[in-house]
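Q: Please go through this structure and say, for each label used, what makes it apply.

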Amino acid sequence: MAFSGKYEFEGDENYDAFVQQIGLPSDKAEMGRNCKIVTEVVQNGNDFTWTQHFPGGRTTTNTFTVGKEADMETMGGRKFKATVKMEDGKLVADFPNYRHTSEICGGKLVEISTSSGVVYKRTSKKIA
């Protein structure tokens with residue numbers, strides 16, 4: 001269940017339907033399409049620092065402790081409060097209009113976001 005590492009975007013499924021479902025503005029949706037995001041995860045027990053590095057130098061960092069409310073930021077830049085839980089080895093967070101899970105599967109970071117039945121899956125390979 002060790003999440004620590006650096007992961008590079010490998011592929012995704014159902015991106016366009018998902019970003020449309022959650023109302024992501026078209027300019028932000030276009031920036032995120034097939035974006036080579038590098039996700040860096042530092043885990044120390046139940047404490048996490050989860051950083052996404054986007055091409056062009058933009059970075060988003062969420063710091064949280066499993067089971068405790070934390071300040072978070074969505075993929076669209078919206079700030080909110082959430083409590084990340086651990087369920088069956090997966091990190092689970094309820095964002096304002098979708099549920100997000102993250103797990104390590106076969107050495108890859110697999111993230112699934114679901115909103116009103118629309119499922120978006122992003123897979124990233126470990127690079128460090």
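Q: What does UniProt list for residues 5–22, and how is that entry marked?
A: The UniProt record lists residues 5–22 as "domain: Cytosolic fatty-acid binding proteins", in an unreviewed entry. Feature names are shortened, positions are given in the numbering used here, and such annotations may be inferred rather than shown by experiment. Within this predicted model, the span is 39% helix and 50% strand, and its end C-alpha atoms lie 29 Å apart. Helices are DSSP runs of H or I with at least four residues, strands are E runs of at least two, and both are numbered from the N terminus.

Q: On what basis are residues and side chains counted here?
A: Residues are numbered from 1 along each chain as its sequence is written, and side-chain values use heavy atoms, with hydrogens and water left out. As this is a predicted model, local features need pLDDT of at least 70 and side-chain atom pairs count only at pLDDT 80 or more, while totals for chains, interfaces and linings use all residues.

Q: What makes strand 1 a partner of strand 2 and of strand 11?
A: Two strands pair if DSSP finds at least two bridges between them. Strand 1 (residues 5–13) has four bridges to strand 2 (residues 38–44) and six to strand 11 (residues 118–126), and both pairings are antiparallel. Gly5 stands opposite Val41 in strand 2, and Phe9 stands opposite Ser124 in strand 11.

Q: Why are strand 4 and strand 7 said to stand at the edges?
A: The open sheet has nine strands in the order 4-3-2-1-11-10-9-8-7, with antiparallel pairing. Strand 4 (59–65) and strand 7 each have a single partner strand, so one side of each has no neighbour in the sheet. The twist averages 25° from one strand to the next. Strand 7 pairs with strand 8 in the antiparallel sense over three bridges, and Lys85 has Val92 in strand 8 as its bridge partner.

Q: Why is Met86 called partly exposed, whereas Thr123 is called buried?
A: Buried means under 20% relative accessible area, exposed over 50%, and partly exposed in between (1.4 Å probe, protein chains only). Met86, in strand 7 (residues 85–87), has 27% relative accessibility and therefore counts as partly exposed. Thr123, in strand 11, is at 17% and therefore counts as buried. Contact means heavy atoms within 4.5 Å; leaving aside neighbours within four places in sequence, Thr123 is in contact with residues including Glu8, Phe9, Lys108 and Val110.

Q: What makes a set of residues a nonpolar core, and which elements supply the largest one?
A: A nonpolar core is a set of buried Ala, Val, Leu, Ile, Met, Phe, Trp, Tyr and Cys residues joined through side-chain atoms within 4.5 Å. The largest has 25 residues, and Phe3, Phe18, Phe48, Trp50, Phe64, Met72 and Leu91 have the most contacts inside it. Among the elements that each supply at least two residues of this core are helix 1 (15–21), strand 3 (47–53) and strand 8 (90–94). Helix 1 gives the largest share, three residues. Not counting residues up to four places away in sequence, Phe48 touches Phe3, Phe64 and Leu91, among others.

Q: How many disulfides does the structure hold?
A: A disulfide is a pair of cysteine sulfur atoms within 2.5 Å, and the structure holds zero. Cys35, at 9% relative accessibility, counts as buried, whereas Cys105, at 44%, counts as partly exposed.

Notes. Axes fitted to C-alpha atoms, helices over the stretch in contact; angles between N-to-C directions.
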